[in-house]
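Please check each point against the structure as you go.

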Amino acid sequence: MEIVPEIMRLKPSATLAINELVIKMRKKGQKIYHMGFGESPFPVQARVKKALCAHADKKYYSPTQGFLALRKQICSFYEKVFNLNFKPKQVIVALGSKSLIFHAIAALEGPLLLPTPSWVSYQHQAYLVHKKVVYMETSPKSSYLLTPSLLLSSLEKTHLDLSKQKLLLLNYPGNPTGQSYTKEQLEALVPILRKHNVIVISDEIYSLISYNGQNHYSIASLYPEGTIVTGGFSKDRSLGGYRLGVLLLPKRNDDVKRAILSIVSEIWSSASSPIQFAAIDAYNPNEEMMNFIQRCTDIHGIMTNYVYRRLKDAGISCVAPKGGFYLFPDWNDKKKILKSMNLTTSKKLAKYLLREYNLASLPGSEFGMPRKYLSLRLSTVDYDGGLVLKEYTENTSIVQKNPIKFVEQYAPNLVTACDILEKFTSSLQ
Ligand SMILES: Cc1ncc(COP(=O)(O)O)c(C=O)c1O
């Protein structure tokens, strides 16, 4: 069988591939410290589970846009939690925000401006629909955030027609960097976006997992006419496998809605009906659900801050996290000695750590950074989420007083992973 050449060049998503490799190695009895895959580990909330069981007989297709009751609930959620006003007709529900981002990229005219490092899938999704990608490499000096000057110089340098529409993908809190934008930082970008006809796809899937003093602020509040927000409950409610995501359109954009819905209807028909009914409960912004999300966020903060502290203490360069459950350290200051070990690319570095230390991570090059930029994405979720959540819920104030002890007791794999990174880095003298 022959394969279309463009598709031949694609490979399975790096994050899913590393997870499958680790599962295989673990099955063979190898002990692996897994900082490669980012899946939030907490259990399904009882009321969501109950709702899913109660709706198991909803076997019919749903409207392509999603059930109205769910879209209404999503609007209440966004209003209460983020103070964002959307009407149900502006909401599209489909199979995970990943597919919705892809459909938005496919439907909207213009090249894709992509600040890097960025989540693995955006660039490949653009490639699949032959869309030009303009990479904008950010730096740890600006916390890997897109600055107005980088945006402007990228627009000018790449000779794009400034009057024609362009797309920008912003993701905050960000995967892989754990960084996020303040209201002021977003405010500085908006006049440039408006002036140069740039539509923003704002991937806010980690919005509720914000900590270290960061309150999530959506660019949709500042640039409502030019922002498409995507999100879902995969991360903050640990429901990735339910495969449900949300896209929120600006007002009066029926053409864009029709275009995205046409793609959804031709490929997926709709999200699964029982899952949508369970999602009505998962999107109920009541105290119980919001407390659950907050506790999970607190734990992500504790674990990610622990790893960050250990990296800094080991002399590893890394930007302090603001949200999510990832860190993006680099060993660029050790390039010379790493070169003598033939570790000249981030891919080689990640492979070396897996082979020599049983530590799984992802190379920075998977996130659009230059091959020789020696960074890794580390995720901080290798622990038993059920046990950790129970302990945190029962002893919140004790844990908050001594988070290090909590990590040492309940996340031994994370502790050992940090020991490994410390040992590896101190060997580079
Ligand atoms: C930055 C980012 N955006 C979007 C997604 C997709 O999430 P989902 O398709 O589960 O809604 C992920 C998942 O890994 C992600 O990390």
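1. Pro173 sits in the loop that runs between β5 (166-171) and α8, where helices (H or I, at least four residues) and strands (E, at least two) are DSSP runs, numbered from the N terminus. The peptide bond leading from Tyr172 to Pro173 is cis, with omega near -15 degrees. Pro176 is likewise found in the loop between β5 and α8, and a cis peptide bond, with omega about 25 degrees, joins Asn175 to Pro176.

2. Please keep in mind that this is a predicted model, in which local features need pLDDT of at least 70 and side-chain atom pairs count only at pLDDT 80 or more, while totals for chains, interfaces and linings use all residues. Residues are numbered from 1 along each chain as its sequence is written.

3. A further backbone feature concerns Ser238, which has a positive phi of about 55 degrees although it is not a glycine. Ser238 lies in the loop between β7 (227-232) and β8 (245-248). As background, most residues other than glycine have a negative phi, and most peptide bonds are trans.

4. Which residues surround the ligand? The shell is made up of Gly96, Ser97, Lys98, Trp119, Asn171, Asn175, Asp203, Ile205, Gly232, Ser234, Gly240 and Gly245, a residue being near a molecule or strand if its C-beta atom, placed from the backbone, lies within 6 Å of it. Asn175, one of these residues, is also joined to Pro176 by a cis peptide bond. Helix α5 (residues 96-107) gives the most to this shell, with 3 residues. By class the shell has 2 nonpolar, 8 polar and 2 charged residues, where Ala, Val, Leu, Ile, Met, Phe, Trp, Tyr, Cys and Pro count as nonpolar, Asp, Glu, Lys and Arg as charged, and the others, Gly among them, as polar.

5. Helix α7 (residues 148-157) packs with helix α8 (residues 183-195) at an angle of about 20 degrees, their axes being 9 Å apart. Axes are lines fitted to C-alpha atoms, for helices over the stretch in contact, and angles run from 0 to 180 degrees between N-to-C directions. The angle therefore makes α7 roughly parallel to α8, since angles under 35 degrees count as roughly parallel, over 145 as roughly antiparallel, 65 to 115 as roughly perpendicular and the rest as oblique. Pro148, Leu151 and Leu152 in α7 meet Ala188, Leu189 and Ile192 in α8, two residues being in contact if their C-beta atoms, placed from the backbone, lie within 7 Å. This contact of α7 with α8 has 6 nonpolar, no polar and no charged residues.

6. The protein chain is divided into domain 1 (5-43 + 288-426) and domain 2 (47-284), with bounds that come from an automatic or database domain assignment. Taken over C-alpha atoms, the centres of domain 1 and domain 2 are separated by 25 Å. The contact takes 34 residues from domain 1 and 33 residues from domain 2. On the side of domain 1 that touches domain 2, α2 (14-27), α11 (287-313) and β9 (326-327) each supply at least two residues, and the largest share, 7 residues, comes from α11.

7. The axes of α11 and helix α14 (residues 385-394) come within 10 Å and cross at roughly 105 degrees, which means that α11 is roughly perpendicular to α14. Arg295, Cys296, Asp298 and Ile299 of α11 make the contact with Val388, Leu389, Tyr392 and Thr393 of α14.
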